[in-house]
Amino acid sequence: MKEKTQRVGEVTEAATTGFTAQCYQLYELPPLGSLVKTQNDGLCIYGIVCNAVTAGIEPGRRPIARGKDETEQEAVYKSSPQLEKLLRSEFEVLAVGHKDGESICQYLPPNPARIHSFVYLCSDDEVKEFGQSLGFINILLNAAISTPHEELIAACLRWMSRVQPDSHAFLVNAGKQLATLLSGDYNRLRAVLERIK
Amino acid sequence: MTQQQNDRLGIIVAGSLNKGVEVRLDSTTSVEDMVVGRYVTIEGQKQRFFGMINDVSLGVTDPRLTLTPPDTADPFITEVLAGTSTYGQLQVMPYLTMTTMGEEQEPKPVKTVPSHFSAVKLAQDSDIELVFGKEDKERFFIGNPLDMEVKLCLNLPEFAKRSNGIFGKSGTGKTFLTRMLLIGMLQKGACVNLVFDMHSEYGWAGTSEKGRTVKAMKQLFPSRVAVFTLDEENSQRRGVSTDFVVKIGYDEIEAEDMSLLRQTLNLTEQAVEAVYTLRRRFGKDWISRTLKMDDSEDTKDILSQLNIHESTFQNLKRGLNTLQRLPFIEPHAKTPAVDKIIANLNTGVNVVLEFGRYRDTTAYILVANLLTRRIYDRYRDGTEKAMAEGVAAPTPLVITIEEAHKFLNPEVSRQTIFGIIAREMRKYNVSLLVIDQRPSGIDEEVMSQLGTKITCLLDNERDRDSVLAGVSGKNELKSVLAKLAAKQQALIFGHAVPMPVAFVPREYGSAASYKSFMETAADEDEQAAKDIEELWD
């Protein structure tokens, strides 16, 4: 577990509902469902990593298979060091809250993040503080994203529960919040609960 | 967490004044801890409400949950779903309200419902005391509300003002309940009791279901109870010291008594008519003279004069012969039992009339009806005189009758004195304590006049309907009544209690219980002595 805030990338595309960031190193992506933040002029935007992609820099140039003569897959990168520069890892972040001054608000920020803002992985203490309120679950549930909502919510709750003093109580509490939000859709609720137990 | 917030059970989510309110239980409250008949308080915005749990049910937010139930082996999922997707529900009937503003908190009948999401809590001991009062010189401790330790008290002078009923199927504890109430009335009721004790249970000693003997009124309060008996031999054999042996003279039996006995003596309508004719003809001695009539020509002449058919006469005579065979019936009784009973009642002594071996209905109906009618007449005269002359009216009298449906069934209730007493209520300071196991057999009109009803378990649907007829929230109370334990649980509702309450009657039969009965009596005597002393100071 990382104690200090760790820089994981830089914003390359931003909208009110979230942003996309590129990693400095290929494959050094924050995990799905982890809490990240980016800061500009006193406005700190919190987001949940909801998708990650690694692809070629140029949209028209797709990578080709290179390991035919190699025995180990790591050797592909060693023999073609240019790959690190031709590929890039990007992750999408869903904005779930912001901090304007002292308190954390679990609703969308007034402004989107700026391009080239640095993105940090939140420290354990920050995750703990953010997890004290569960208003963000509603944003995750209604977000227009390609990742299945159940998977994202489950991943996020698992990530947050690891730093809570009583992770079981945290998950039960979050489960109850979900049960209220999904009161008319038991099958979705069950899908999430089965992934966080 | 929530449990510690003054035992909050849940919140009001829906409801109406007629049908009661719906309470959604908090996830911390186990639905299995909720019991029908328990007493709850609802904290409304402006008022506090008191109500009783009438029904407990389970709810789900999504019907799919019941179609594909979750894996119950997983405690996590169960824990999450409890109180959210699956929840417990209570149906609560509010009965009383109290404004929370100001010091004075007088419970009033409910006229509205608590607002949405008002918190519901289990009633505390202090709430019960507020509603039913504490034990004092008028209130008598009758038992504990279901699942509570607090003493439930009944205002006995208020209770004794109306006719009351105790119901319950055989073996549910009616007799124990009655004995306890009689003792209560003796101590605090400001009234005297006359008990027609069919099974010799109230005077000297009674028996419990397990065959154990328990002390009855005379043993506990020898100076305030007189035991009369119809069957001296039986009383002596049981070692009961009796105060008077009741004998009934032929001349005391009136035509009205015979009409009541029509069913038990198997008399025809015509035979009953003949009784009135014979009474007119022969006067007070009509029974002895009728019995003396043989098959002679004279008899035929008299019968034809009176327009009585031969077969009718034979039918009547057979009935009179049955009466004659009752050993306590004599051609002429030396001291009329009525005088003796009245004398005792006037000095504040309670009278228990034991029937000994004569438990058959003929004896019971005849004696109870005959004595009561005369006593009632005296009371009526006494009360009217008191009203005219402005002197004190006779002490209120409570007459206890068992197997009440025999006196109060729709066919005879208009003729028997008990029917009249039940209807006229307390005008003449006489009221009834009706004990019965088939309340459906009692005339509806009489049932509706009963002030307070205490009922133990009743199995029969018609009996339950009849007991609860005319009570608001009848259907809800019915479910409480149906779920009472087979023994030692009762539901009380009506005039003397501010709201219905299910309770476990006070213990009776152990040395400690006798002592507690005696202690309250002693305390009151002391208090009375103190009051008198203070008057002199």
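Two strands count as paired if DSSP finds at least two bridges between them. Strands here (E, at least two residues) and helices (H or I, at least four) are DSSP runs, numbered from the N terminus. The model is predicted: local features need pLDDT of at least 70, side-chain atom pairs count only at pLDDT 80 or more, and totals for chains, interfaces and linings use all residues. Residues are numbered from 1 along each chain as its sequence is written, while chains are lettered from A and ligands numbered from 1 in the order in which they are written.

Chain B holds an open sheet of 12 strands with mixed pairing, in the order S9-S8-S23-S22-S21-S10-S20-S19-S11-S18-S14-S15. S9 and S15 of chain B form the edges; each has a single partner strand, so one side of each lacks a neighbour in the sheet.

## Overall build of chain B

The secondary structure of chain B consists of 20 helices and 23 strands. Along the principal axes, its C-alpha atoms fill a box of roughly 100 × 70 × 50 Å. Of its 537 residues, 46% are buried, where buried means that 20 or more other C-beta atoms, placed from the backbone, lie within 10 Å of the residue's own; 12 or fewer makes a residue exposed, and values in between partly exposed.

Contacts are counted where C-beta atoms, placed from the backbone, lie within 7 Å. Among contacts in chain B between residues at least 6 apart in sequence, 70% join residues at least 24 apart.

## Strand S8(B) and its partners

Strand S8 (residues 139-145) of chain B has five of its seven residues buried, so it is largely enclosed by the rest of the structure. S8(B) runs antiparallel to strand S9 (residues 152-155) of chain B, joined by four bridges, and B:Phe140 has B:Leu154 as its bridge partner in S9(B). Six residues lie between the strands of this hairpin, and B:Asp147 there takes a positive phi near 60°.

S8(B) is also antiparallel to strand S23 (residues 501-505) of chain B, through three bridges. In that pairing, B:Pro145 stands opposite B:Phe503.

Five bridges link S14(B) in parallel to strand S18 (residues 350-354) of chain B. Within this pair, B:Val225 stands opposite B:Asn350, and B:Thr229 has B:Glu354 as its bridge partner. Two bridges join S14(B) to strand S15 (residues 244-245) of chain B, again in the parallel sense; there the bridge partner of B:Thr229 is B:Val245.

## Helices on the sheet

Helix H16 (residues 417-424) of chain B lies across S19 and S20 of chain B, running at about 115° to S20(B). Axes are lines fitted to C-alpha atoms, for helices over the stretch in contact, and angles run from 0 to 180 degrees between N-to-C directions.

The axes of helix H14 (residues 361-389) of chain B and H16(B) come within 9 Å and cross at roughly 45°. That makes H14(B) oblique to H16(B); angles under 35 degrees count as roughly parallel, over 145 as roughly antiparallel, 65 to 115 as roughly perpendicular and the rest as oblique. B:Asn369, B:Thr372, B:Arg373 and B:Tyr376 of H14(B) meet B:Ile417, B:Phe418 and B:Ile421 of H16(B).

## Nonpolar cores

A nonpolar core is a set of buried Ala, Val, Leu, Ile, Met, Phe, Trp, Tyr and Cys residues joined through C-beta atoms within 7 Å. The largest such core has 148 residues, of which B:Val92, B:Ile341, B:Val352, B:Val367, B:Leu397 and B:Ile401 touch the most other members. H14(B) gives the most to this core, contributing 10 residues. Leaving aside neighbours within four places in sequence, B:Val367 is in contact with B:Leu230 and B:Ile248. Another core, apart from the largest one, has 53 residues, among them A:Val93, A:Leu171, A:Ala174 and A:Ile196.

## Contact between the chains

Chain A gives 14 residues to the contact and chain B gives 13. On the side of chain A that touches chain B, the elements giving two or more residues are helix H6 (167-181) and helix H7 (186-196) of chain A.

Key
Contact = placed C-beta atoms within 7 Å.
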